[in-house]
Amino acid sequence: MYDKGVDVYFQKCAWMDSDLNMQWVSRTLLPAMSDKTGEKVQPIDAGIGKLFKTKVGEAMEKWLEQDENLDLWHDKIGAKDRRILMTKWAGEAWKERSKDMDLFTKLFQKTGCLITADGSDDDKIRPQGLDPYLS
């Protein structure tokens, strides 16, 4: 049903309340993060998040290009089935994005998360918005 690579949580009214948020934090967020959260979040902000959203959108568009799916999406598909589709599109997007390890490496370098003790890769650090000031 749901993509196995996507964590799915349920709340009766379909919004993130404090109990559900704590489940998500303890089961999904904390295991994915170390005590140095910024090291993992910054590369996401630096580009992979936008690319991931783009890939999810492309998967949705591909699905909607089929006439029967377009009609289904507008008139007949319920929230449960839409959510299942979203997990499948997210799973596809992540599988595709995670194949490009060079991109991940570049984003970690760009944000300074792969800084070396000897400073040999300091020229690869490019904080967002500071390009005019870097030479």
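The model is predicted, so local features need pLDDT of at least 70 and side-chain atom pairs count only at pLDDT 80 or more, while totals for chains, interfaces and linings use all residues. Residues are numbered from 1 along each chain as its sequence is written, and side-chain values use heavy atoms, with hydrogens and water left out.

D75 sits in helix α3, residues 67-76. Together with D67, E68 and D71, D75 makes up a surface patch of negative charge. Such a patch takes residues with over 30% relative accessible area and no salt bridge, like charges being joined within 9 Å. A salt bridge here is a side-chain nitrogen of Lys or Arg within 4 Å of a carboxyl oxygen of Asp or Glu.

**Aromatic pairs**

There are 4 aromatic pairs, counted where ring centres of Phe, Tyr or Trp (its six-membered ring) lie within 6.5 Å. W63 belongs to helix α2 (residues 37-64) and W73 to helix α3, so the pair ties together parts that are 10 residues apart in sequence.

Both W63 and W73 are buried, meaning under 20% relative accessible area. Ring pairs also bring in W89, giving a cluster of W63, W73 and W89.

**Helix α5 and the residue after it**

Helix α5 spans residues 101-110, and its buried residues are L103, F104, L107 and Q109. Just after α5, G112 has a positive phi of about 85 degrees. Helices are DSSP runs (H or I) of at least four residues, numbered from the N terminus.

Note on methods
Patch = residues over 30% accessible without salt bridge, like charges linked within 9 Å, V, L, I, M, F, W, Y side chains within 5 Å. Areas by Shrake-Rupley, 256 points an atom, 1.4 Å probe, with all protein chains shown as cover. Lys, Arg positive; Asp, Glu negative; His and termini not counted. Charge placed at Lys NZ, Arg CZ, Asp CG, Glu CD. Helix = DSSP H or I, 4+ residues; strand = E, 2+ residues; numbered from the N terminus. Phe/Tyr/Trp six-rings, centres within 6.5 Å; stacked < 30°, edge-to-face > 60°. Buried < 20%, exposed > 50% of the residue type's maximum accessible area, 1.4 Å probe, protein only.
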